[in-house]
Amino acid sequence: MIYHEIGKTGMRVSNLSFGASSLGGVFHNVQESDAIQAVFTAVEQGMNFIDVSPYYGHYKAETVLGKALKNIPRNKYYLSTKVGRYGKDGVNIWDYSGKRVTESVYESLERLNVDYIDLINVHDIEFADLNLVVSETLPALVELRDKNVVKHIGITDLQLENLKWVIEHAEPNTIESVLNFCHYSLNDDRLIDFIDYFEKHEVGIINASPLSMGLLSQRGVPAWHPAPKSLIEACRKAVEHCSSRNYPIEKLAIQYSISNPRIATTLFSSANPANVRKNIEFAEEPIDWDLVKDIQEIIGDQMRVSWSNS
């Protein structure tokens, strides 16, 4: 695999990395044994960055991942988790207060069976008061970084403008990475417009959701997907074109999302060991750039059309 540094953190991570949201049964029910084996497979095949959140499956993903990590040497992976978004009894909860995020980090350590977290992220800041993130959430995480409970600090969001705003208003050297999703994929490359800004501030870039939350999938767009119908239809045509070329769109989507060396890594999620192996194989094959051009022409005026994360 190819490895890139996340900003100036010193963490050199695989360009395709393991997102553990599926371990929480976020998309469909999973077998815990398969989920654990998926983690083993990812690490064995060279993925050394794992991302999770207490929000995924309302603590289930962290719990299942923790069972896997007990059996993996700590020097084999970098671990990222988050604060701010939670859930209980099927109800989503948001709490970005300094007190709660500090408690959350220690709770995650226990669930994950680790002594420290490599990268702690403020999760989906669009749901927070951004002034609170700057004045209270991030300072609380800086205190934990000073104690070596966490090694590095990042922020995540769908909205790129929010990431930029917080970087501009936070204390210098606080934010070391951003995690953005659905903006460096076959149908939306808007992340490109912000790369210079992030690099200027020495902030590393993590990309997620190469399949654009299922838009770029032979399985079909999930019923809950918030994309407008026009974009869904354009992506459906793109899927059909790839199928006619005997080139799964999932393969092209992953290859495209990892193709930019200025983006440290792209996260995908699966609790199926076979899918993990398949995606790694996709990543190691050369991309068909002519097909990328075809697909983006098919998507046409729906390129860069996004949606709200609410």
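Me: What makes H7 and H10 count as being in contact in this predicted model?
Reply: Contact asks for heavy atoms within 4.5 Å, and in this predicted model Ala234, Lys237, Ala238, His241 and Cys242 in H7 meet Leu291, Asp294, Ile295, Ile298 and Ile299 in H10. By class, the residues of this contact divide into 7 nonpolar, 1 polar and 2 charged.

Me: Why are H7 and H10 called roughly antiparallel?
Reply: The axes of helix H7 (residues 229-244) and helix H10 (residues 289-299) come within 8 Å and cross at roughly 150°. Angles over 145 degrees count as roughly antiparallel, and therefore H7 and H10 are described in that way. The crossing of these two helices, H7 and H10, is right-handed.

Me: Why are H1 and H2 called oblique to each other?
Reply: Helix H1 (residues 32-44) and helix H2 (residues 60-69) have axes that come within 9 Å and cross at roughly 60°. Roughly parallel needs an angle under 35 degrees, and roughly perpendicular begins at 65, so H1 and H2 are oblique to each other. H1 passes H2 in a right-handed crossing.

Me: Which residues of H1 and H2 meet?
Reply: Glu32, Ala35, Ile36, Val39 and Phe40 in H1 meet Val64, Leu65, Lys67 and Ala68 in H2. The classes in this contact are 7 nonpolar and 2 charged residues, with no polar ones.

Me: What makes a residue part of the lining of the second largest pocket, and which residues lie nearest its centre?
Reply: A lining residue has an atom within 4 Å of a point of the pocket; 14 residues line the second largest pocket, and Pro172, Asn173, Thr174, Ile175 and His201 lie nearest its centre. About 270 Å³ of space lies in this pocket, and its lining has 5 nonpolar, 4 polar and 5 charged residues.

Note on methods: Residues are numbered from 1 along each chain as its sequence is written. This is a predicted model: local features need pLDDT of at least 70, side-chain atom pairs count only at pLDDT 80 or more; totals for chains, interfaces and linings use all residues. Side-chain values use heavy atoms; hydrogens and water are left out. On a 1 Å grid over the protein atoms alone, a cavity is a set of points where a 1.4 Å probe fits but cannot get out, and a pocket is an open set with protein on both sides within 12 Å along at least five of seven lines; lining residues have an atom within 4 Å of a point. Grid points are joined across faces, edges and corners, and a volume is the space filled by probe spheres set on the points. Ala, Val, Leu, Ile, Met, Phe, Trp, Tyr, Cys and Pro count as nonpolar, Asp, Glu, Lys and Arg as charged, and the others, Gly among them, as polar. Axes are lines fitted to C-alpha atoms, for helices over the stretch in contact, and angles run from 0 to 180 degrees between N-to-C directions. Helices (H or I, at least four residues) and strands (E, at least two) are DSSP runs, numbered from the N terminus. Angles under 35 degrees count as roughly parallel, over 145 as roughly antiparallel, 65 to 115 as roughly perpendicular and the rest as oblique. A crossing is left-handed if the near helix is turned anticlockwise from the far one by less than a right angle, and right-handed if clockwise.
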